[in-house]
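Student: I have a new structure to look at. Can we go through it together?

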Amino acid sequence: MDRIVVRGGACLRGEVAASGSKNSALALMCAALLAPGESVLRNVPRLRDIDAMCELLRALGARADWTGEHEITIDGATISSPEAPYELVRKMRASFMVLGPLLARFGTARVSEPGGCAIGVRPIDQHLKGLRALGAKVRLDHGVVEATSDELRGGRVAFDMCTVNGTQNVMMAAVLTPGETVLENAAREPEVMELAEVLNRMGADVRGAGGDRITIRGVETLRGIEHSVSGDRIEAGTLLCTGLVTRGDVTVTAIDTSTLESTLDKLASMGAELTIEPERVRAESPPTLREVEAVTAPFPGFPTDMQAQLMALACTVEGSSVITERVFENRFMHVPELQRMGADISLAGRAAHVRGVARLSGAPVMATDLRASAGLIVAALAAEGDTTVNRVYHIDRGYERIEEKLRGLGAEIRREG
Ligand code: EPZ
């Protein structure tokens, strides 16, 4: 099994381009199912999760092929069975977002329940609540969600909590549902906005995305489109942390910096010297950085997907930082691994109290989930000696060629296995 070995100590410098957004691309691939025709997505990152989604779309009978280095062509005209099996859905939770499009197009869909993952139970009740509000009959049958409806109709959905994929799934069902649908307490993430923008270019009528109230007027049909996926804001934030943890100077390009505000605010509060332009951001580190306080929250709050990377950075700065995880109930799996590297962290409920140490030390560590493994790589870059990160398949789910990108910035990093 692959592992990544990092020899810490190199000061990272230079420019690196962000890849396309994993989470946006996944939702857009599901949206392509809404049109009985071809859609071409460009700037799609080469990741395990994207391949898993291609496999799922093909299992439904759609065409989903890589037609270029970072280009995927999807054709929803050939969908033969609106059924997403467990062995494919369990590989990647975002698969559950095929439910809305399939139900809207075919009036029926069977999608395996994705189940929990390392970071939490991750229920789907809000997705189902939304589809029921559109008139769908939804039942759970041996771990499979079966949704049917002779005739969906617009309705009002008030989400009990902000859910990104929940908002996207119901939005994709509503665009082909006659009448007006209103989503309240909707997620405001950039990935929700990009999905709405693309649906509108496919011929839909979605208004208010980016705010917490979205109105959708159903249309008869949608058409395929060509779209270039936006840059990955979480990968961009991670790359900036790799520069800062080595007290370096890194510029990330090909990223809409307006999607990074809360992350940049935290880095600036630690003393990072930022040069922010619309499509690129430079983070220069002064010799010392300051402690930080962060509470994860839905967009525009501080992203939970940046929590582990910020914690790794906080392990190397003087003073006491407090990082509170409010979105997922079990997203501190990286803490014991950071402690193995000599970090001084204590947990109190949903808060991690991080006291900076003079120097982390390299150690063999275990990746437990995608962002935890990114946090371990950030820490390893500042550690003394070698760190071996095991189970890197987690990082390959969301970071394209990470060791090449970091080597390009001067890191001593290699993949083994
Ligand atoms: C999306 O997951 C992202 N995944 C996650 O990124 C990200 O961490 C998360 O949003 C929050 O920003 C994709 O876009 C593919 P949620 P999602 O529904 O939509 C609870 C990564 O690292 N909830 O917004 O599944 C849920 O348990 C991944 O790239 C319910 O209770 O997250 C959580 O506590 C990890 N019932 C909270 O809401 C529901 O029906 C927010 O989850 C739905 C959610």
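Student: What does β3 pair with in the parallel sense?

Tutor: Strand β14 (residues 226-228) pairs with β3 in the parallel sense, over 3 bridges. Two strands count as paired if DSSP finds at least two bridges between them. Strands are DSSP runs of E with at least two residues, helices are runs of H or I with at least four residues, and both are numbered from the N terminus.

Student: Before we go on, where does the model come from, and how are residues numbered?

Tutor: This is a predicted model, where local features need pLDDT of at least 70, side-chain atom pairs count only at pLDDT 80 or more, and totals for chains, interfaces and linings use all residues. Residues are numbered from 1 along each chain as its sequence is written, and side-chain values use heavy atoms, with hydrogens and water left out.

Student: What is the order of strands in the open sheet?

Tutor: The order is β6-β7-β9-β8, an open sheet of 4 strands with mixed pairing. Its edge strands are β6 (83-84) and β8 (137-141), each of which pairs on one side only.

Student: How do β7 and β9 run?

Tutor: Strand β7 (residues 108-112) and strand β9 (residues 144-148) run antiparallel, with 5 bridges between them. Val-111 has Val-145 in β9 as its bridge partner.

Student: New topic, the ligand. Which residues come nearest?

Tutor: Asp-125, Thr-163, Asn-165, Asp-305 and Val-327 come nearest, out of 21 residues around the ligand. A residue counts as near if one of its heavy atoms lies within 4 Å.

Student: Which polar side-chain atoms lie by its oxygen atoms?

Tutor: Asn-23 has a polar side-chain atom 3.1 Å from an oxygen atom of the ligand. For an N or O atom in the side chain of Arg-122, the distance to a ligand oxygen atom is 2.9 Å. For Thr-163, it is 2.6 Å. The protein covers 88% of the 820 Å² of accessible area that the ligand has on its own (Shrake-Rupley method, 1.4 Å probe; for residues, only the protein chains shown count as cover).

Student: Which helix gives the most to the shell?

Tutor: That is α5, with 3 residues.

Student: What about salt bridges, how many are there?

Tutor: The count is 34, where a salt bridge is a side-chain nitrogen of Lys or Arg within 4 Å of a carboxyl oxygen of Asp or Glu.

Student: Which residue does Arg-415 pair with?

Tutor: Arg-415 forms a salt bridge with Asp-2, with the closest N and O atoms 3.1 Å apart. The pair links distant parts of the chain, 413 residues apart: Arg-415 is in strand β24 (residues 412-416) and Asp-2 is in the segment before β1 (3-7).

Student: How far apart in helix α7 are Arg-201 and Glu-197?

Tutor: They are 4 residues apart in helix α7 (residues 190-201), which means about one helical turn separates them. Arg-201 forms a salt bridge with Glu-197, with the closest N and O atoms 3.7 Å apart.

Notes:
A polar contact is a pair of N or O atoms within 3.5 Å; within protein, one must be able to donate a hydrogen and the other to accept it, and residues adjacent in sequence count only if both atoms are side-chain atoms.
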